[in-house]
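Subject: Handover of a structure with two chains to read

Dear colleague,

Please find below the structure that I am handing over to you.

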Amino acid sequence: MTEVEGRPVFTERDMAKYPFISKAAEYMKPLDIDINELSSSDYDKILERAENRIKEAILYNLVNKEWSNDAVEISSFPIAVMIVAAADDSFLKRRYALAEAKRVSDLLKDERDEIIMGIAERFNWKIRPARIHVGSLTYDFALHFTDFLKNATFIQDKKWKLVNRLVSNGEVYLTKSETSRLLEEEVRRYVEGKLDTKVGLLPQSITDRVDRLKHLFMEKRGKIRFEEFPKGLVIAAFPPCIKKSYDTIASGHGLSHIGRFALTSFLISIGMSVENVVDLFRSLSDFDERMTRYQVEHIAGGRGSRTKYIPPRCDTLRTHGVCPGMNEVCKRIRHPLAYYRRKLRTIRTEAPGERA
Amino acid sequence: MKNSETKTFIKRKFTEYYKKYASTIPPPTSIEKREFGFLFEQEKIMFRHKSFRNVDDLREFLKARVPSDVYYSGAYYEKPEEEMEEKVWLGADLIFDIDADHIPTPCNKIHDKWTCNNCGFVGKGATPEKCPSCGEARFGEKTWPCEVCIESAKRETMKLVEVLMDDLGFPVEKISVSFSGHRGYHLHVESDEVLALDPMARKEIVDYIEGIGLEPEFHGLEKISGPKLDDLGWRGRIARGTYDFLLKATPEKLEEVGLQKRIINAIETHKGRLTQSWKERGPWGIIGIKGSTKIAQLSAQSESVKIDTVVTTDIHRLIRLTNTLHGKTGLKKTEVPLTMLEHFDPFKSAIAFRQGAITVLVSEAPQLRLEDETYGPYKEQKIELPAAVAMLILCKGAAKVVE
């Protein structure tokens, strides 16, 4: 990398590592490349590498950091993106984006500060080098807290909560490896965005590869299918927050707005009918059938936006005081529905008769 | 309950107010992108999804329709008049609500009264979770704005301002604070950086301010060392909270928070050394990691700011508009310059009805102060009161007008 007027200019080598930066980003519009040219043998190497990027993502959840030819490496990325976009499978898209992002954060960990800064600025982060020592820690960068939040909320670990960071004057202090980890999130979302491009008609040589990779992915995914909830409520599998809200309502007592929302969306999600949920609220002294039905139907996705709502995540319920405290199972999950799914499995193996 | 004559009277006074003062109502930034909502005395539900092209249209509307309460969205929409799903959300200010209801106050809310909707049991103070008589949990409440409550809310607001400026780095001109017109304060941050924040990000800000999920180990608490008094952010807050805690703690208090006998003894024997220790590594090594973690967590609780968590995370929230009347008090929502906040007195500055006297029949009201005079308490009493005092009691539904 060379510096021109303080702004980093990336070398071809850098672009091979980080194909989404500056000049390389132009390659990111796959449809601008003359697709029919790609079938000629000049591009065989590029296609080969593109296919391998995706294969590695499918099989090992990562993309190899080794390569021989910078030009091939750079072009293979937008082609891979085009292939995954053409495969049009949301699971594959997520998996591929994550693998590419992991490759980037792995590389960044060993980079000089200037490169990390350059990449961060590519995503419009407000970041500056700040080598400071606090207690036994040494930080490398200071990042505006809003840029931090845009990415850190996707990482589920206590250390990434804003309240557990050193925050001062609008900036969050980060080590180099933490900065790389945060950039991984930014890259992941960036690649996911690119994968949502509509792809037009592709030449045979490429659609063959698309089909091959799709097949490989199906094979790998095998039985990993979304598990439907069984019919009937298993109250014994309710997480403590839902159990408490359920008992409160069932005994005719009131609940906070968010408590009602959590309970209703939970019950709808595990398959309870709108009718039965409305009945549950019937014992409340201020029960208003029309209003309750409207709200329950809305949550069930039967009105307006047609969005079917799911309950808030555990930490959101904690923020708003719905969580009555965690038990052992809670410590291993982050969402009330995950609790239910997990608990159902253990109940079914332990005591198959216990149904409500 | 307000009878119809009282309602008509209140509406007449509100009409006078808006005729005279509608011009003082400041337009929210980008008024044409905001949703407005109104409550009217006669109707139970909010009249919302309304928008105005400019402030003059809004002022005319208020003069003509005279709502009991006026709200606008913290959010900006492409089409604010449409149903929620069609509005097209463009962003939202960062909003905080500090209400006495969420703060434990030294007055214990003794001025408030609640009635069980089921058995009619009446109690004073903060509303309990369950009725002590029948176990039901539905209440009618009559709350009053009290000096102690509002002062507590003000202290919390000042703490919040400090976190927003020192930690989150917002400059003074991006922060505006207002008295809500009832029992608390509203704080708005209008800044480009916050507009796009999603509810998850806003939740993280709430957790930061309330200290929810805080773990001392991430703030430098180790076996023999820990945060220092002048450290930045939560590190410093934990240290200062711990300093105060140790200075004031009695053996009983230490036991109450669940510290082991051994640790309590260590703290008692080394009180002097603990205070001295802040000059070096702090008291952490002397107390031990387990006790230190517990004390640090408690200290974080006392340093945290009590806000209404739902208001901040809701990106579609409606908030009362500045210089409009509060239907339950007849006071107005009043903006307070940050430099004046410490000495701000809502019972002087938020008065909307300054002229004349009104004769009312008060059923029951606690002692109240407006300007420098105190009034009441009253019970089943006919009395002539200054307009602002009478309006407060009337709006609370605790009096009738006497012709």
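Predicted model: local features only at pLDDT ≥ 70, side-chain atom pairs only at ≥ 80, totals over all residues.

Residues are numbered from 1 along each chain as its sequence is written, while chains are lettered from A and ligands numbered from 1 in the order in which they are written.

Chain A

The pLDDT is the predictor's confidence in each residue, from 0 to 100. Its mean for chain A is 84, and 85% of the residues of chain A reach 70 or more. At one end, residues 1-6 of chain A stay under 50 and have ten contacts beyond four places in sequence; two residues are in contact if their C-beta atoms, placed from the backbone, lie within 7 Å. Residues 352-356 of chain A also stay under 50, with eight such contacts.

Chain A holds 15 helices and six strands. Helices (H or I, at least four residues) and strands (E, at least two) are DSSP runs, numbered from the N terminus. Of its 356 residues, 38% count as buried, a term that requires 20 or more other C-beta atoms within 10 Å of the residue's own, with C-beta atoms placed from the backbone. Among contacts in chain A between residues at least 6 apart in sequence, 70% join residues at least 24 apart.

Three domains make up the division of chain A: domain 1 (2-106 + 190-221), domain 2 (113-184) and domain 3 (235-350). Such bounds come from an automatic or database domain assignment. The contact takes ten residues from domain 1 of chain A and nine residues from domain 2 of chain A. On the domain 1 side, helix α5 (residues 90-108) of chain A gives the most, with four residues.

Chain B

Chain B is divided into domain 1 (4-100 + 167-203 + 309-351), domain 2 (216-303) and domain 3 (353-403). The C-alpha centres of domain 1 and domain 2 of chain B lie 42 Å apart.

One open sheet of chain B has four strands in the order β6-β11-β10-β13, with antiparallel pairing; two strands pair if DSSP finds at least two bridges between them. Its edge strands are β6 (94-99) and β13 (334-336) of chain B. Strands β10 (residues 175-179) and β11 (residues 184-189) of chain B are joined by five bridges, and Phe179(B) has Tyr185(B) as its bridge partner in β11(B).

Another open sheet of chain B has three strands in the order β17-β14-β18, again antiparallel. Strands β17 (378-386) and β18 (399-401) of chain B stand at the edges with a single partner strand each, so one side of each is left without a neighbour in the sheet. Eight bridges join β14 (residues 357-365) of chain B to β17(B). In β17(B), Leu385(B) is the bridge partner of Ile358(B).

Where the chains meet

How many residues of chain B are in contact with chain A? There are 36, and they touch 33 residues of chain A. Helix α5(B) supplies the largest share of the chain B side, eight residues.

Yours sincerely

How values were computed: Buried ≥ 20, exposed ≤ 12 C-beta atoms within 10 Å, placed from the backbone.
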